[in-house]
Amino acid sequence: MAIKVKKDISSSPQPKRRLFFRKKEKDLSKREQIFTSAPIIDLIGYKGFTQNSDHFLILKDSDDGYAEFLTIRGQGLGTLSFNQQKAVIEGYHQFLSMYLEDFQIMISPFPTNTSVQRVNVLHRYNKVTSLIANESKPRRKHQLLMQQRYIKDQLSTLKRVEKELFNQDFILILFAKNQRELRINRDNAINWGGNSVILEKMDLEKKKLVLYRMNNLNTRI
């Protein structure tokens with residue numbers, strides 16, 4: 001379970017996929033920055049990705065610069081003791097006091113990925129199918145047919161899980177005027193997050209999926 005910034009939005013009439021973002025106001029110091037919320041569809045305009053290993057998002061308005069996506073790893077707070085939960089919350093507040101640059105937290109559902117499990121099960125299915133074709137003993141062949149049926153049921157279950165079950169993904173979005181500044185912001189965020197806000201870099205394919213979800217809110221990936 002990742003930490004939500006402000007409040008439960010399940011009862012809001014706005015779309016369920018929303019983001020919470022921290023922004024500066026002229027009459028407030030950085031340490032007095034506030035949180036507001038807005039529909040995810042209004043989040044960001046972009047041109048594409050940088051052609052380097054960072055794959056930063058190039059924002060549509062040149063004055064806005066670049067953006068970076070980081071995955072916020074879930075903590076499983078429900079399984080932690082009171083003292084452990086307290087430590088995570090204190091670490092989160094410490095992160096907010098140290099990382100003073102603009103950022104946004106996006107909360108969005110992603111389908112459960114069972115591709116690795118399906119590949120393994122399909123390999124077993126093909127192996128058993130080959131054994132059946134070459135088996136002449138009725139008893140052994142019957143056993144293999146039962147295995148094949150069981151494996152086929154496993155494949156059907158995995159496909160159904162991927163189609164129907166969704167995970168709640170939490171994504172931190174960072175901004176900067178140029179790529180050098182964004183690298184510094186990213187490294188600082190990862191380091192200062194520590195064991196409370198565990199941030200992980202996102203590969204290009206996952207970033208594309210994030211953007212796809214942002215632009216196709218009612219479409220399954």
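**Close-up 1. Strands β4 and β5 pair in the antiparallel sense over two bridges.** In this predicted model, local features need pLDDT of at least 70 and side-chain atom pairs count only at pLDDT 80 or more, while totals for chains, interfaces and linings use all residues. Residues are numbered from 1 along each chain as its sequence is written, and side-chain values use heavy atoms, with hydrogens and water left out. Strands (E, at least two residues) and helices (H or I, at least four) are DSSP runs numbered from the N terminus; two strands pair if DSSP finds at least two bridges between them. Leu 57 stands opposite Ala 67 of β5.

**Close-up 2. Strand β5 also runs antiparallel to β8 (residues 199-201), joined to it by three bridges.** Thr 71 has Glu 200 of β8 as its bridge partner. Six of the seven residues of β5 are buried, that is, under 20% relative accessible area (1.4 Å probe, protein chains only).

**Close-up 3. Asp 63 occupies the loop between β4 (57-59) and β5 (66-72).** Asp 63 is exposed (over 50%) because its relative accessible area is 54%. The C-alpha atoms of Asp 63 and Asn 178 lie 9.8 Å apart, although 115 residues separate the two in sequence.

**Close-up 4. Ala 189 is in contact (heavy atoms within 4.5 Å) with residues including Phe 95, Tyr 99 and Leu 172.** Leu 174 and Leu 199 are also among its contacts, leaving aside neighbours within four places in sequence.
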